Amino acid sequence: MEKLKQAVKEIAYYRHQAKFSKLHLSLIPFLSLSSSLYGALLYTRQSLYRSGFFSKNRLPVPVISVGNLTWGGNGKTPMAEFIAKRLADYGISPLILTRGYAGGDEAKMLKRHLLGGPVKVGVGANRVATANLFFEKYGYVDYRGSKFFERTYLDPKMGSHVGSQKIGAAVLDDGMQHWSLCRDLEIVMINGLMPWGNCKLLPLGPLREPLIAIKRANIAVVHHADLVLEQKLKDIKLVVQEIKESLPIFYTRMTPSYFFELRNISTKMHLGAVLDAVVLCVSAIGSPDAFVRAMEKIGPLFVDRFDFSDHYSFQLKVQCSSFI
């Protein structure tokens, strides 16, 4: 199964079919048909929302959506965490709403990072129902349009005085295609290393929606910008501004702070621990290339890699084979 998933990913991101194996070529007709069906269903669903046949819900607090147009590796969850922490710094208690995909590994990470702070994490496919459960438990306050919001925005030092358990904002993690919930700010994340692939819809390509969906965004963020050549960043900016010229574009990078032991996550190891060492990168994330390149920048002697598919469920016991 892992080999099949890898082949599908390679088809989505490689444009030159001359380099494809027999496995790749045998998958393309099936993926093309599936992509066409997906596009038809996507168009139908969008039309039903535009016509009002499917209703949209609005939460009683401001909603910030962090999403993307391609599959994983775009930095959505780290951005959602960053925004939530910044809101908390300004005295606004935020609620992160995440679907809990594939066993909820990202939700568990968020809870671990945010433990003991004012940020709350709600997990569930029905974001509205999940949010309402938190509103019933903690209450809510809407700062939109108030002088209070303007003051806290200008002066983060007020945060310690005005913070409360009442929820003041919601952050949608992976929310761009969650059309049933209205949002006040739409942020689209773009993987600078692999922005659009072959520009085809799933599963033939990596796109969840056509690129024209960028028009719905209020902000675009190019992730892993430090790992991308300047010309490629300019190309990404050109594509985005051809679709929506007025869209503000920001650039981010992931910077490691320390290592920790799996058996004791409270321990912190200095990054220098891997200097002149041989490192094996084992990952199950959407953009393993970024992870490996970040490790290489730290300065180990040699870096090897073992990539699993995104959200792969690791087992406690694995069977190992010996090779001579």
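**Domain contact and local geometry in a predicted model**

The UniProt annotation "transmembrane region", from an unreviewed entry, covers residues 23–43. UniProt positions follow the numbering used here, feature names are shortened, and annotations may be inferred rather than shown by experiment. Over residues 23–43 the chain is 100% helix and 0% strand. The end C-alpha atoms of this stretch are 30 Å apart. Helices (H or I, at least four residues) and strands (E, at least two) are DSSP runs, numbered from the N terminus.

The model is predicted: local features need pLDDT of at least 70, side-chain atom pairs count only at pLDDT 80 or more, and totals for chains, interfaces and linings use all residues. Residues are numbered from 1 along each chain as its sequence is written, and side-chain values use heavy atoms, with hydrogens and water left out.

The domain assignment gives domain 1 (63–251) and domain 2 (259–307). Such bounds come from an automatic or database domain assignment. The contact (heavy atoms within 4.5 Å) takes nine residues from domain 1 and eight residues from domain 2. The C-alpha centres of the two domains lie 26 Å apart.

Domain 1 and domain 2 bury about 700 Å² between them. Of this area, 62% is on carbon and sulfur atoms. Buried area is the accessible area (1.4 Å probe) that two parts lose on being put together, summed over both. In domain 1, Arg 112, Leu 193 and Leu 227 lose the most area to domain 2. Together they account for 58% of what that side buries.

One salt bridge is counted between the domains. A salt bridge is a side-chain nitrogen of Lys or Arg within 4 Å of a carboxyl oxygen of Asp or Glu. Asp 226 forms a salt bridge with Lys 297, and the closest N and O atoms are 3.2 Å apart.

The structure as a whole holds nine salt bridges. One of them pairs Asp 184 with Arg 58, with the closest N and O atoms 3.8 Å apart. This pair links distant parts of the chain, 126 residues apart. Asp 184 sits in the loop between β4 (167–173) and β5 (185–191). Arg 58 sits in the loop between α2 (22–50) and β1 (63–68).

Most residues other than glycine have a negative phi, and most peptide bonds are trans. The peptide bond from Leu 202 to Pro 203 is cis, with omega near -5°. Phi of Cys 199 is positive, near 65°.
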